[in-house]
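Please read them beside the sequence and the coordinates.

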Amino acid sequence: MSTGRHDPANAVRRLSVLVGVLSVPAFVGLWELVARSRIVNAVLFPPPSTVAVAVLDWIHSGQFFGDVSASLFRVTAGFAIGATAGIVLGILTGEFRLISSLLSPLFHILRPIPPIAFVPIVILWFGLSETGKLFLVVWGVFFTVWLATHIGVQKVDRGLIRAALMLGTPRRQMLSEIVLLGALPYIVVGLRTAVSISFYTLVAAELAGAFAGIVYRIEIAQQNMQTGQVMGGLAALGLLSFVADRSFAAISERAVWWR
Amino acid sequence: MVAMMHNPLRPAQPLRLVNAPPSASPATAHAIIRVEDLSIVFDAPRGQVVAVDRVSLDVMPGEFVSLVGPSGCGKSTLLNAMAGLERPFEGRVMVAGGPMLGPRPDVGMVFQQPHLFPWKSVRRNIAHGPRALGKSKAEALRMADDLIEMIGLTRFANAYPHTLSGGMQQRVAIARALANQPRVLLMDEPFGALDAQTRAVMQDNLLELRDRIHATIVFVTHDIDEAILLSDRVLIMSAGPGRILRDLSVGLPRPRSSAILTDPAYLALKRDCLDLIRTEGRKAFEQMEAVT
Ligand SMILES: Nc1ncnc2c1ncn2[C@@H]1O[C@H](COP(=O)(O)OP(=O)(O)OP(=O)(O)O)[C@@H](O)[C@H]1O
Ligand SMILES: [Mg+2]
């Protein structure tokens, strides 16, 4: 293979790197131009500079920290509760026929209902309290993690179970080590899917009514026609879920540590 | 690698070939494994399958017994019953005086696949049994280290199973089963998945290991060479339904090594075994033809 300067494949590769680096700035620049050129309504489609100012104001007003921490708390607490319940029940239904016969049909009926559809009933039950918001996130996360764990447990190598039995492994350790770690590769995939689900359900929960939160702020800004603030909120939410997804991807690569 | 320093073989003695009746006799009351009229039946989609049909056998303490026979004749099922992994349909299995009602730590098992815990290092795989039986972590690891030295894998003590070759993994599986110091070690085609060279090395390793562990071993194999090389007795099973056809004593001097495989007396014994198995294989084939 030639590695010369005039190698066309090499040139294309370098060009794509350049285009990749310039893509977002070019897009933002174009947006700024179009928004300022009065081709579009600047109130509905504010230039990036206006969005940046809105975000700075948001930070200076002191609400930014409260909003981000409120949203972050709902997502992380909801995820932790839903994932724990999903893993525990997934192991129980995956391992014990009787428990599976009892719970699986119910779970399979409830699972396909989009969690957002539960907003009205959640408001009836919990009002605008934090419990209601947590409930929605937990609900969304639980079924995904439960199903992944349930399937993972059933796919655990029977040979490993027999080997562990022959070595005198006690029943408890069988579940907490052999079955749990045997199913871990599946569980991790379920957890990663659940990360994005927790953000979907967060949006639904905060739109339904809240007193703080990124999506709550977006909604308030929308009511006041502060389009810059709306877009700033979207950017913050996008950044947050991007970081969550990436960190989870990094964690999940290390979670199955023996590979 | 385990150092293989066998004594040179003594001059070949004439082989004994004894056809004992395949049933337990009162004279063997102190057998460590005692299988009495054992039948095991499976429910299959096309009706019931008799995998083991009224088998009786005794294994004496310290004996090395091989089970050979055509594929599907019930060798694994019989071994699993001795392991407590399969319940008798009729009859019973006694090990060390007690009935096998489930897996027991004094009965170890090595399967055809190593089935090592992929999330544990070699050391911790081997320490798993002693830990499960309540030994302290320090003691379990010390026992593991001794066994690792015995199987010659000291350099790989902290390696994860998937980084080892098939032969090394199977050595770890053997060490893991031995860590509980079982009185009986059951082995189901443990070298079946290995290439011929690795298999030969593993056979020598096992002969060497056996001199040190004093466990009673029941060994399932397809390979008649392997069975004769390793065993004190070879049990030949008939084509399904599983029954024991012959019980051959191998009166071959120990210590043995694979060098014995070219000994003329050994070859004569092998020919007899092969004839039996071939007749059985043909019978099994004809039975299948008759059914379909
Ligand atoms: N769990 C099971 N369910 C139904 N039938 C079974 C089951 N396990 C074994 N069998 C049947 O029992 C018979 C004996 O099987 P087994 O595995 O003991 O044979 P084997 O001698 O070990 O064969 P191989 O040499 O191929 O390992 C076979 O006909 C097999 O199909
Ligand atoms: Mg078998």
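Predicted model: local features only at pLDDT ≥ 70, side-chain atom pairs only at ≥ 80, totals over all residues.

1. In what follows, buried means under 20% relative accessible area, exposed means over 50%, and partly exposed lies in between, with a 1.4 Å probe and protein chains only.

2. Residues are numbered from 1 along each chain as its sequence is written, chains are lettered from A and ligands numbered from 1 in the order in which they are written, and side-chain values use heavy atoms, with hydrogens and water left out.

3. Chain A is divided into domain 1 (8-40) and domain 2 (49-255), with bounds that come from an automatic or database domain assignment. The C-alpha centres of these two domains of chain A lie 35 Å apart.

4. In chain A, helix α3 (residues 63-95) packs with helix α8 (residues 171-207) at an angle of about 145 degrees, their axes being 7 Å apart. Here the axes are lines fitted to C-alpha atoms, for helices over the stretch in contact, and angles run from 0 to 180 degrees between N-to-C directions. The residues in contact (heavy atoms within 4.5 Å) include Phe79(A) and Ile87(A) of α3(A), and Leu191(A) and Phe199(A) of α8(A).

5. For chain B, the secondary structure comes to seven helices and ten strands, where helices (H or I, at least four residues) and strands (E, at least two) are DSSP runs numbered from the N terminus. Of the contacts in chain B with a separation of 6 or more, 71% are accounted for by residues 24 or more positions apart.

6. Helix α2 (residues 122-132) of chain B has eight of its eleven residues buried, so it is largely enclosed by the rest of the structure. Among the buried residues of α2(B) are Ile126(B), His128(B) and Pro130(B). The buried residues of this helix pack against α8 of chain A, together with α3 (137-150) and α4 (166-178) of chain B. Just after α2(B), Gly134(B) takes a positive phi of about 95 degrees.

7. Which residues does Asn80(B) touch, not counting residues up to four places away in sequence? They are Arg162(A), Leu85(B), Glu86(B) and Met109(B). Asn80(B) has its place in helix α1 (residues 75-83) of chain B, and it counts as buried because its relative accessibility is 8%.
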